[in-house]
Amino acid sequence: MVSISRRNFLIATGWVAAGVTGVYALSKHAVAVAPTIIFPDETSGAAWVQIRPGGVCHMFFPRVDMGQNANSGLAQIVAEELNIDVEDIQGVQPSTSDVPPLAVTAGSMSMTAFSRPLAIAAATLREGLRDRAAVKLGEPVAAVLDDVGGFQTSDRRKVSYADLVDDTGLVIERESDQAVPALYAFDSGRQKTQVGHPKSPLGIRDLVTGGRVYTADVPMTGVLYGRAVQPPVRSAQIASLDTSGVAEVRGVVTLVEEGDFVGVVCTTPRAVDKAIAQIQVTWDLQQPITEEEISRLIDVDGKMAAGDLEHILQDKAHRRNADWSVDLRFDVQVQTHAAQEPRAAIARFNDAGADHRLEIWTGTQDPFGMQRFASMDTGLSESDVVIYLQRLGGGFGGREHYEVERDAVRLARAVGRPVKVQWTRADEFMASRSRPASAHRIRIASDDQGNLTDWWYGYVTGHVVFARERLPGWLLPVARLSDDSGVVKGAIAPYQAPHQRVECEDVDLPIDLGVWRSLNGASAIFAIESAMDELAVLQGKEPVAFKIAQMQGEQPRLAHCLATVRKLSAKRRLPEAAGYGRGFACGIYDGRCFVAVSADVFVDEVNQQINVLHLCCAQDVGMAVNPDQLRAQIESNLVWSIGMALLERFEVADNTIQSSNFDNYTIPRMRNMPTLDIDIIDQPNLPPTGAGEVALVAGPPAIANAIRDASGFRALSLPIRFADI
Amino acid sequence: MKVRVNEVEHHVAADWRDETLLTVLREHLGLAGTKFSCGIGQCGACVVHVDGSAINSCLISIADVENKNILTIEGLASGDGSLHPLQQAWIDENVPQCGFCQSGQIMQALALVGDKPDPTDADIDSVMSGNLCRCGTYDRIRKSIKKAALVMRSTS
Ligand code: FES
Ligand code: FES
């Protein structure tokens, strides 16, 4: 990649051609590695906000839109700093040619990582404009006060941003050693006009009127349709291939075979379906794809009996032979993202004279990664490839790889015309990078008063971040010496004991694995919270008070969530009749997000089903930038909790993936919906924590604990079916 | 062959006559608001109205709707741009997250409120359970349907 300062970069791309942009006088640049993991620092927001001639604020949206509406929240922060209304900000989704590389959108990091850099950028801009206003008004800077969309003096002489900006390009530079200006968004004493107020997400109208915002909606003249065959696992190699029927299909333009890649290009979508159906392929696998193989690989008890697991995450005066009060094994199923939008991409190659030799339209969590991989795949330079980022119809961690894009690129190159690839739902399941299966052994011992003395938690799971499909092969052995940051999520319990040991091991499973909402967080916390609940039941203690006591004052924010959710749940009376139960669970996601959930369930003997009636959630979100959007994320996590606890199971058998559509992979529907009661605990002095994958850690164990309360049945594996009870 | 979509007559070219209604709408007529998600009638992303009834457009062949009246999400707002009460309620309640399922949800809800001007929770459960939303916006969909139904009752 060319070394280029942010300033030069933005000048080169024309972004600073007119109006006022803030930029730091730094020549820092960054080179992306897989996946793109450049997170912003205090200076990175600088070039993302601009006041254009006419006084309108333009903002590059640094995040990929996929439902969390992080950009809208970030725009609220910018609006707060500039004393304007968020509705007046014009958001621009940058292509990879417009901005320097930025991190993949993932891990609920958007608000945490981007809010401050953007606030600094906007505040710097505001103060630069204040200097200009002072000159214009003939007043000292201190006498120039804020006004909506500009400034005023105490005798009400006004100057708007429009008055201060002309159509010459001006860059306000701030040396990195200069003090950060006052940040209104982070000033807890301040009455805010934007931050903390519910605002409609920008662009919402398009979503209810059928606007063209997703990849497959992009109109393209002369487009052809294509698709490739997806293997059951990416390490599979073609054993036998018969494409003899393809030529008979009307509308086939070409068949493309390159190593283990085989695809077709046709004139219509129907012809693609027919042509793909004519391709007979069998695969050579490195490992058998069966349930038995997965169970064998994650056999936690066998591995713990044989010695220490690979990674020791916590070790405090460990005793192997305590008098265990609870000694349970929990098994968590494989799950997939099942985003509502099946992936699509459009690729177009251009002649040598064009701005870009290769253009790709796609919805991805990692646009810069796509640019890099497409360049590697085609031999074009990165600057010859441009990614036009489209809205994602759901991400959840599943959209950060070069795959549907690869299909489109290879097929378009073969025919020399633009090609649209629309994956089918079956392709989505076949190519899933799933949340791994895992097995957890938890042993807890307690003293006469019931306080914890020993905690021994070991688990084995498939890889998460270090899944072989996510990193280049040569990097794997090196990377795997350290802890997989996805695998260790949620492993350390908030409970205190004098003797504590946590250990884990991550293994290769025969299916493709990856990053799923909350990574290992939901799996580990399901085990921890189920085990603690069981201990409370055995001791005849009220579980909330018991858990708070066992935190021993170390986790005040979490304890507060738990106490709050108990209050919320008490607003609704649980019927006395048999079959009704209430359960609680709490968890810390990523060390910074605190949440507690309660569940009311009815185990319905007559209709042979488990109904979730009511879910309450208390979540400490740090600064609540947009309370309504946070609430929406919590609702989403609670719905996913029902799927994980009761419905979803990714099936494999006979060396392939058996789940193929929503008829055999069940996700929550309207009829599964309980009533919800959500309390957002706002901490205006603390940085926003993100909410995209937090409540999912506490929802499933709350449901499992409610089932225990209702029926006496302790769920040891997910999903819980009525027949298990 | 002709179809009427949102009161406009469209000609369907010969190459496209063995496609589904969904594919023709999206790829041939340029009406991309209706979505493809499962292709087998399991998710409701593709719901449109044919002669007033909600159907999954992924399951029906274009040949079967010749000369019928089709209404898609693009035809729901009035010509002057003012939104249908359902669309407005969807915005007021901030329903969409990723948004992908919402065209189908709104078109299905349109059928529901047409049938039951004052829908109960049980009505909503039964009529809306064919429409998946992976983002989990169901609670807001329920609220918006009730809100829009109220507006529609009071204006009719
Ligand atoms: S795409 Fe038609 S029902 Fe799912
Ligand atoms: S809003 Fe994303 S699927 Fe419904």
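## A salt bridge to start with

In this predicted model, the side chains of A:R234 and A:D512 meet in a salt bridge, with N and O 2.4 Å apart. A salt bridge here is a side-chain nitrogen of Lys or Arg within 4 Å of a carboxyl oxygen of Asp or Glu. Across the interface of domain 2 of chain A and domain 3 of chain A, the rule finds one salt bridge.

A word on the ground rules: residues are numbered from 1 along each chain as its sequence is written, chains are lettered from A and ligands numbered from 1 in the order in which they are written, and side-chain values use heavy atoms, with hydrogens and water left out. Since the model is predicted, local features need pLDDT of at least 70 and side-chain atom pairs count only at pLDDT 80 or more, while totals for chains, interfaces and linings use all residues.

## Inside chain A

Chain A splits into domain 1 (3-197), domain 2 (217-286 + 343-422) and domain 3 (298-336 + 434-724); such bounds come from an automatic or database domain assignment. The C-alpha centres of domain 2 of chain A and domain 3 of chain A sit 38 Å apart. Their contact (heavy atoms within 4.5 Å) draws on 11 residues from domain 2 of chain A and 13 residues from domain 3 of chain A.

Together, domain 2 of chain A and domain 3 of chain A bury about 920 Å², with carbon and sulfur atoms giving 52%. Buried area is the accessible area (1.4 Å probe) that two parts lose on being put together, summed over both. On the domain 2 side, A:P232, A:V233 and A:F396 lose the most area to domain 3 of chain A, together 49% of what that side buries.

The rule also finds two residue pairs in polar contact across this interface, both residues at pLDDT 80 or more. That term means a pair of N or O atoms within 3.5 Å; within protein, one must be able to donate a hydrogen and the other to accept it, and residues adjacent in sequence count only if both atoms are side-chain atoms. The side of domain 2 of chain A that touches domain 3 of chain A has four nonpolar, five polar and two charged residues. Nonpolar covers Ala, Val, Leu, Ile, Met, Phe, Trp, Tyr, Cys and Pro, charged covers Asp, Glu, Lys and Arg, and the others, Gly among them, are polar.

## Where chain A meets chain B

Here the contact takes 60 residues from chain A and 50 residues from chain B. About 4500 Å² is buried between the two chains, 52% of it from carbon and sulfur atoms. In chain A, A:V208, A:Q340 and A:M670 lose the most area to chain B, together 19% of what that side buries.

The count between chain A and chain B is seven salt bridges. B:K35 forms a salt bridge with A:D217, the closest N and O atoms being 2.7 Å apart. There are also 35 residue pairs in polar contact between chain A and chain B (both at pLDDT 80 or more).

## Inside chain B

Chain B is divided into domain 1 (2-75) and domain 2 (85-155), with C-alpha centres 21 Å apart. Contact involves 14 residues from domain 1 of chain B and 12 residues from domain 2 of chain B.

These two domains of chain B bury about 1100 Å² between them, 65% of it on carbon and sulfur atoms. B:V47, B:H49 and B:I73 supply 42% of the area that domain 1 of chain B buries against domain 2 of chain B, more than any other three residues. The count between the two domains is zero salt bridges, but five residue pairs are in polar contact (both at pLDDT 80 or more).
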